[in-house]
Every structure is written in structure tokens, then in C-alpha cells.
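Here is a short briefing to read alongside the model. Please keep the sequence and the 3D view open as you go through the points.

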Amino acid sequence: FPSHDIHEGKGYIVVNNSQKIEVVDPQTCKSLATIDGFVSPRYFLPIKSGKAAVKRVVAALAEHGLTGEVHVLSDSARTAQEAASALGIEVGQIASSLIFKLPDDSPLLIITSGRHRVDTDLVAKNLRIEKLGRVDADYVKEKSGFSIGGVAPIGWVSPATILIDQALNDYEVVWAAAGHPHAVYPTTFAELLECTGATPMIVGD
């Protein structure tokens, strides 16, 4: 991805060795504004689709008084392994948001560590139901407000039953999707517990 680009009629230039992106007139190169507060920016990647979803996550972070900032990755974070590779962390530090359907058709969100698969039979047994229902992309979008690959644990548009993988408590910092396949934010097990009201559970080996 480039370190500069033109988006919506304005030029954006990532300033090397800084925490800034300079906004310029693409015709005259005259400075229009400076956007700061980034953590060592390297690329400019405009998030066109899903922008409202990312804003919803940012608003939820502020609402809960969380200090983690949304980071835009140059590589996709659709899978836990992709996100871990892009961030240079262990795959177990990725807090993946997986959605299933309960017998009453309501959504079940499982915030799980990327180091293992969710044992759906185990979770169903713990919830005292026969099985977890599978869902499609339309269901995910309708219930969470996010598209698959960018589902965040916060900022949902409808209520859900939420479980959190106890394995995430093994890490000081974990990373969750922020509403877009290229957007993530840092958080902790304790923060996720508090802001989602999730029930801790062993969800896999």
C-alpha cells in the first residue's frame, strides 16, 4: 500500500518517522491540515466501505472510557493468523468474534482466542442446548451491523448473548477487529468483560 494517496479530492501524505499524516491540496501541494495521534504510520489506506461500522466501534470505545485506538493495517485481518502476522504478535492474542445462532434464533457472540477453534459441542453442552446454529453473512450483518471479517465485540446494533474465551486472560494485551477487515484495536480480557458483559467460559482446547 502507498504512503500517499488522493481521497475525496484531498492528498494524504504519511510523514516518515512521525505520528502524523499531512493533508494537502493535490494541485498546489499546499498544506490543508495535519492529522496526528497515529502510532508510527507507514501506509495510507482509506476505508471506504464499512466506514460507519468503524465509527461505531470508535464511539463504543469512547462510551466505555477505553483508551485503545483503532489501527488500520496494510494487510487484511480477516483471519486470526492474518491479524497476528500483521501485528507481529502471537495468534492467541487475537480476540476473534464468532457468531452463532441460539435455538430462539437470537445471536450468540463468542469472543475467542485465535489459538484454537471453538468446540461448539462443548459450548452447547455448557449452555444446556442441543447445538449451536450456523449463520450466514446476511444474519451476521443484520444482527451485529458488521460484515464477516470485521466483526467487533463492541458497537453492535442489536443485543446478543456473549461468551468470552478464558484463554484470552493468558495475555496482557489482546487485539480485536474494529468493524473492517483492515481495522483492529488493542484491549484486555478485563476490558472486554466489562464493556460486553460477557460470561467467561472454556470454549476450546
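**Helix H3 and its surroundings**

H3 is followed by Arg 128, a residue with a positive phi, near 60°. That is a handy place to begin a walk through this predicted model. From here we look at both sides of H3, then at the sheet, and finally at a few side chains.

- At the start of helix H3, which covers residues 120–127, a side-chain oxygen of Asp 119 comes to within 3.2 Å of the backbone nitrogen of Asp 121.
- The loop between E7 and H3 holds Arg 117.
- Arg 117 counts as exposed because its relative accessibility is 76%, and the cut-off for that class is over 50%.
- Along the chain, Arg 117 and Val 203 are 86 residues apart, yet their C-alpha atoms are separated by 8.2 Å.
- Leaving aside residues up to four places away in sequence, Arg 117 touches Val 203 and Gly 204.

**The sheet**

- In what order do the seven strands of the open sheet run? The order is E5-E10-E9-E6-E7-E8-E11, and the pairing is mixed.
- The edges are formed by strand E5 (71–72) and strand E11 (199–201), each of which pairs on one side only.
- Helix H4 (residues 137–144) packs on the sheet, where it touches strand E6 (94–101) and strand E7 (107–113). The direction of H4 makes about 105° with that of E6.
- Strand E8, residues 161–165, pairs with E11 in the parallel sense, over three bridges.
- In E11, the residue opposite Asp 165 is Met 201.

**Strand E9 and its neighbours**

- Is strand E9 (residues 174–180) mostly covered or mostly exposed? Strand E9 is mostly covered, with seven of its seven residues buried.
- On one side, E9 runs parallel to E6, and two bridges join them. Ala 176 in E9 is the bridge partner of Ala 95.
- E9 also pairs with strand E10 (residues 183–187), this time in the antiparallel sense and over five bridges.
- Trp 175 stands opposite Pro 186 in E10.
- E9 and E10 make a hairpin, with two residues between them.

**Thr 196 in helix H5**

- Helix H5 spans residues 189–196 and includes Thr 196.
- Why does Thr 196 count as buried? Its relative accessibility is 15%, and buried means under 20%.
- Which backbone atoms does the side chain of Thr 196 reach? One is the backbone oxygen of Leu 192, at 2.5 Å; another is the backbone nitrogen of Ala 198, at 3.2 Å.
- Not counting residues up to four places away in sequence, Thr 196 touches Ile 111, Pro 153, Ile 154 and Ile 162.

**Aromatic rings**

- How many aromatic pairs does a search of the whole structure find? The search finds zero.
- A ring does take part in another kind of arrangement: Arg 56 lies over the face of Phe 146, at 4.5 Å from the ring centre.

**Worth a second look**

Technical notes
Residues are numbered from 1 along each chain as its sequence is written. This is a predicted model: local features need pLDDT of at least 70, side-chain atom pairs count only at pLDDT 80 or more; totals for chains, interfaces and linings use all residues. Side-chain values use heavy atoms; hydrogens and water are left out. Rings of Phe, Tyr and Trp (its six-membered ring) pair if their centres lie within 6.5 Å; planes under 30 degrees apart count as stacked, over 60 as edge-to-face and the rest as tilted. A charge sits over a ring if NZ of Lys or CZ of Arg is within 6 Å of the ring centre and within 35 degrees of the ring normal. Two strands pair if DSSP finds at least two bridges between them. Helices (H or I, at least four residues) and strands (E, at least two) are DSSP runs, numbered from the N terminus. Contact means heavy atoms within 4.5 Å. Axes are lines fitted to C-alpha atoms, for helices over the stretch in contact, and angles run from 0 to 180 degrees between N-to-C directions. Buried means under 20% relative accessible area, exposed over 50%, partly exposed in between (1.4 Å probe, protein chains only). A polar contact is a pair of N or O atoms within 3.5 Å; within protein, one must be able to donate a hydrogen and the other to accept it, and residues adjacent in sequence count only if both atoms are side-chain atoms.
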